[in-house]
Amino acid sequence: MTDPVVPTTSGAVRGQVTPAGVVLFRGIPYAAAPDGELRFAEPVPAPPWEGVRETQRPGPTAPQRRHDVPGLDLTPLTGTGWRPGPEYLTVDVWTPQPGAASLPVLVFVHGGAFLGGAGSAAVHDGTAFARAGAVLVTVQYRLGIDGFLPLDGGATNLGLRDQLAALHWVQENIAAFGGDPANVTLFGAASGAVSVACLLGSPLSAGLFHRAIVQSGHPDMVRDTVQARRLAKVVADELKAEPTAEAFRKVSTEQLLDAQDAVLRPGGAPDLRDALGYDRGYGLSPFLPMIGDDVLPHHPAKAIKAGAGRDVDLIAGSCSEEMRLYLVPTGALEAVTDDQAVASLAVSHPDPAGVLYAYGLGSGRTAGEVLVEALTDLVFRDGVRDLADNHTGRTFRYEFEWGSPLLDGRLGACHGLELPFVFGALDTLSGPRGLLGENPPHELAAELNGAWHRFATTGSPGWAEYTGEDTMFHAY
C-alpha cells in the first residue's frame, strides 16, 4: 500500500503505512496556532494550506517543562517534553484503512496534571485499536498558564475549548479517515480523564461524543473563580505584569514556563483551598478547569447528577494504589512521619488528622502506607465512585489491580499503570526501568484493549452495568 492522501477541511494530508499495516497521520492541525493575538483566545479553525501536507512525523507539542520521577523512565508515558513550534493544536490519527466506512472512533485526551504530556507519547500508540477495526485520534491541547489560567480579556478554560475544537474537527473530518462521526468515544487518563468528565457535564459538548471512558479522573477536580483568579494574580506578580491577556501576550513562552515553575515550587502557589477547606488539586497541580463560564456554567459533577451526559454511555475507573507513583520513587513512603503525613494533607483537606486516623494512622501502620491509601481514595477513587453513582445514563465501572513488580513490587497498581494495557502497547513501558518491569501479562492487555474496543463499537465493554461495588470489574 502506498502512503495514502486524505482530504480535510483545511487541505489534503499524506500519512504513512506503518510496519504493522495500519495508516498513521501525525500532527494534523485542528485549530490555528495559538500565537500572537490568538494566544489566550478561543481556538479558531486551522487556516487552509496548498497542496498536500506531509504528516509522517510528530509535530510540535504544547509548551511544558519535564519533571522526571526518580529511578523511572516515564518518557513513553509522558512524552519527550516540549517540541517547540507554534502549530501544536494537532491530532494524530491511526486508521486501518482511510477508504473504510463507519468504523468506531476513539478520541484520547492525554494526562499530565494539566502541565505536561503529549498525545504523541509512545504509549498512546493506536496500532492495536486500528488493527481491531477502529480509528484512534489523540489530541494535543494548551496546558498550564496557556490553557488553564483565567486572564482578564482572555478566554477561560482554553484547554477544554481546544478539546471541543478537536471534537468538532472529528465530526467534520473523520469520515475521510474511515471513521463514523456518529459513533465517537471520548476517553482520557488522569487530567485527561478530568477533562472528559468535565466535558460530560458541559453544555457545549452535546452531540460531539456518544460514549466516554474516564480513567483515574473525575469532575470534582475543578476550581471556582476565586481560587483561579488568586492563582492568576500570583503568576502575574511573578512576571511583574498585570493578570491580563494583553500583558501576558508580551511575555515569552520561556518566561511563562519560568513563572509556572516558580508556582510549582513548595510554597510558590497561593492558598488554593475553597470555601469548604479543600484544594481540589490536592497539590498535584495548581492548574485546573474553572467553573463559571460557558464551558462549565455549573459544577460538572452537579450537572452530571442533574442529567447532563445521560445519553452518553460511560466507563469510569481507577487504579487501586494510585498514589504509590508519587510516594514510592521519592522515598517518601518510608520516610514520612505521622506528623508529616498530617501536615502534608492539611494544605488540601480541612480535617487531615481525622482522615488519616480513620485510615489507621497511629495504629501500627506506617504513615506512608496510610497516606497512600487515604490519598488514593481522596484524589481518585472517591470521585470516580461518585461519578459512576451520579451518572444517569448507562454506566460501567472498573478497578485496575495488577501491580508492577518494579522497585521490589512497592509501586503496586500505581497511577498510569493501566495505560499500556488499554493501548495494547506493553513494549513501550517494559524493561528494567520501565513502569511495567519485565514480562508484563499480555493477556491482560488483550483483555483491556478488547474491552475498550467493544465499548466503542457496541456500548458494552463485556461486563455488567454498574449498580454498586459488587458490579465493578476487577482487572488484574
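# Burial, sheet order and backbone angles

User: What covers the buried residues of helix H8?

Analyst: In this predicted model, the cover over the buried residues of H8 includes helix H3 (144–148), helix H6 (225–239) and helix H7 (245–248). The buried residues themselves are Leu256, Leu257, Ala259, Gln260, Asp261, Ala262 and Val263, and they are called buried because each has a relative accessible area under 20%.

User: How do you know what span to expect of H8?

Analyst: H8 (residues 253–264) has twelve residues, for which 16 Å is expected at 1.5 Å a residue, and the distance from its first C-alpha to its last, 16 Å, is close to that value.

User: What span should the 24 residues of helix H14 have, and how far apart are its end C-alpha atoms?

Analyst: At 1.5 Å a residue, H14 (residues 367–390) should span 34 Å, and its end C-alpha atoms lie 33 Å apart, which agrees.

User: What makes strand S9 mostly covered?

Analyst: Of the eleven residues of S9 (residues 179–189), eight are buried. On one side, strand S7 (residues 103–109) is joined to S9 by six bridges and runs parallel to it, with Leu103 having Gly179 as its bridge partner in S9. S9 also pairs in the parallel sense with strand S10 (residues 211–215), here over five bridges, and Phe187 has Ile213 as its bridge partner in S10. From S9 the chain passes through helix H5 (residues 191–200) to S10, and this β-α-β crossover is right-handed. The term right-handed applies because, with the strands pointing away from the viewer, the path from the first strand over the helix to the second runs clockwise.

User: In what order do the ten strands of the open sheet lie, and what kind of pairing do they show?

Analyst: The order is S3-S4-S6-S8-S7-S9-S10-S11-S12-S13, and the pairing is mixed. Strand S3 (16–17) and strand S13 (473–475) are the edge strands, each pairing on one side only. Elsewhere in the sheet, strand S6 (residues 90–95) and strand S8 (residues 135–139) run antiparallel and are joined by four bridges, with Val91 standing opposite Val139 in S8.

User: Is phi of Ser102 positive or negative?

Analyst: Phi of Ser102 is near 60 degrees, a positive value in a residue other than glycine. Most residues other than glycine have a negative phi. Ser102 lies in the loop between S6 and S7, and it is called exposed because its relative accessible area of 52% is over the 50% cut-off.

User: Why does Asn439 count as exposed?

Analyst: Asn439 has 72% relative accessibility and counts as exposed, because the term requires over 50%. Asn439 is found in the loop between helix H15 (419–422) and helix H16 (442–458), and its phi, near 55 degrees, is likewise positive in a residue other than glycine.

User: Which residues does the UniProt annotation "domain: Carboxylesterase type B" cover?

Analyst: According to the unreviewed UniProt entry, that annotation covers residues 3–462. Over residues 3–462 the chain is 32% helix and 14% strand, with the end C-alpha atoms 35 Å apart.

Technical notes: Residues are numbered from 1 along each chain as its sequence is written. This is a predicted model: local features need pLDDT of at least 70, side-chain atom pairs count only at pLDDT 80 or more; totals for chains, interfaces and linings use all residues. Side-chain values use heavy atoms; hydrogens and water are left out. Helices (H or I, at least four residues) and strands (E, at least two) are DSSP runs, numbered from the N terminus. The expected span of a helix is 1.5 Å times one less than its number of residues. UniProt positions are given in the numbering used here, feature names are shortened, and annotations may be inferred rather than shown by experiment. Buried means under 20% relative accessible area, exposed over 50%, partly exposed in between (1.4 Å probe, protein chains only). Two strands pair if DSSP finds at least two bridges between them. Contact means heavy atoms within 4.5 Å.
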